[in-house]
Amino acid sequence: MNDLERYFNDNTGNLIMKWSHYFKIYERHLSRFRDSDVHILEIGVRDGGSLQMWKSYFGSRAHIYGLDIDPNAGQLNEDQIEVFIGDQEDKDFLEVLKEKIPKIDIVIDDGGHTMDQQINTFDALFSHVSDRGVYICEDTHTSYWASFGGGYRKPGTFIEYAKDKVDLLNAYHNRHGEPGFDVTDYTRSAASMHFYDSMVVIEKAPTEEPELTHTGKMRLPRFKATRLPKGG
């Protein structure tokens with residue numbers, strides 16, 4: 001059991017709602033930020049319990065921001081925690097939000113979970129994540145739920161959107177000039193993508209075109225496989 005699980009299990013304060021397998025994922029991707037001057041934005045704060053959990057986990061140097069559409073969430077401000085009220089689906093609002101907060105090291109989208117909300121938020125905020133930061137979109141199982149705009153392999157869901165980003169992660173290897181497979185800012189800034197049950201995690205790092213290298217001496221003759229003709 002890690003410290004986040006322990007905090008969650010011992011919590012008697014404000015409500016926290018998390019799928020139980022999330023805590024190991026958090027630990028895997030976020031533990032390196034503990035006890036640092038980290039800036040965190042959580043979208044969808046509900047009763048504020050998770051904001052307090054992050055405050056405890058990351059320590060006294062952390063700067064924690066929340067975003068919620070419910071005006072009552074403004075009551076959750078406290079030392080190290082500042083909550084903004086607005087609609088994550090509103091790109092204009094998100095542009096204004098970026099002017100009010102510094103570069104973010106960790107974004108956790110636990111907001112409304114509709115396709116437009118998740119995609120618009122990513123489009124607006126990924127560039128505002130620091131060079132070696134982490135972007136987390138939670139509850140991505142809604143990509144399969146019609147009530148949230150989802151459906152299995154339905155175009156326009158967050159999962160299908162994220163699958164397209166996998167191609168861009170590999171765009172340096174576009175040998176044949178395939179359209180839509182060009183190197184982009186995403187290619188240059190995303191180091192890895194991790195797909196979990198109900199969660200997508202993207203870790204950032206400046207990324208240059210890879211170079212194939214080798215060391216040592218060739219000792220064996222190159223093997224050329226022979227293939228049987230089709231049918232026998």
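User: Is T140 buried or exposed?

Analyst: This is a predicted model. In it, T140 is buried, because its relative accessible area is 2%, and a residue counts as buried under 20%.

User: Where does T140 lie?

Analyst: T140 lies in the loop that runs between strand β5 (129-138) and helix α6 (158-169).

User: And which residues is T140 in contact with?

Analyst: If neighbours within four places in sequence are left aside, T140 is in contact with Q118, F158, I159, S198, M199 and V200.

User: Let us step back. How many helices and strands are there in the protein chain?

Analyst: The protein chain has 7 helices and 7 strands. Along the sequence, their pattern is α-α-β-α-β-β-α-β-α-β-α-α-β-β.

User: What box do the C-alpha atoms fill, and what share of the residues counts as buried?

Analyst: Taken along the principal axes, the C-alpha atoms of the chain fill a box of roughly 70 × 40 × 35 Å. Of its 232 residues, 46% count as buried.

User: What share of the contacts comes from residues 24 or more positions apart?

Analyst: Among contacts with a separation of 6 or more, residues 24 or more positions apart account for 62%.

User: Now helix α4. Which of its residues are buried?

Analyst: Helix α4 covers residues 91-100, and F93, L94, L97 and K98 are buried in it. These residues line one face of the helix, because they fall within an arc of 145° when seen down the axis of α4.

User: Why would residues a few places apart point the same way?

Analyst: An α-helix has 3.6 residues a turn, so residues three or four places apart point the same way.

User: What is exposed on the other side of α4?

Analyst: D92 and E99 are exposed there.

User: Which residues make the contact?

Analyst: Helix α1 contributes D3, L4 and Y7, while α3 contributes Q52, M53, W54, S56 and Y57. By type, the residues of this contact divide into 5 nonpolar, 2 polar and 1 charged.

User: What follows α3? I mean, where is S60 found?

Analyst: S60 is found in the loop between α3 and β2. S60 counts as exposed, because its relative accessibility is 68% and the cut-off for exposed is over 50%.

User: What separates S60 from H113?

Analyst: Their C-alpha atoms are separated by 30 Å, and the two residues are 53 residues apart along the chain.

User: Last topic. Which phi value does D35 have?

Analyst: Phi of D35 is near 60°, which is a positive value in a residue other than glycine. D35 is placed in the loop between α2 (22-30) and β1. With a relative accessible area of 56%, D35 is exposed.

User: What about phi of Q80?

Analyst: Phi of Q80 is near 80°, again a positive value in a residue other than glycine. The place of Q80 is in the loop between β2 and β3.

Definitions and conventions. Residues numbered from 1 in each chain as written. Predicted model: local features only at pLDDT ≥ 70, side-chain atom pairs only at ≥ 80, totals over all residues. Heavy atoms only, no water. Contact = heavy atoms within 4.5 Å. Helix = DSSP H or I, 4+ residues; strand = E, 2+ residues; numbered from the N terminus. Nonpolar A, V, L, I, M, F, W, Y, C, P; charged D, E, K, R; others polar. Buried < 20%, exposed > 50% of the residue type's maximum accessible area, 1.4 Å probe, protein only. Arc of directions from axis to C-beta.
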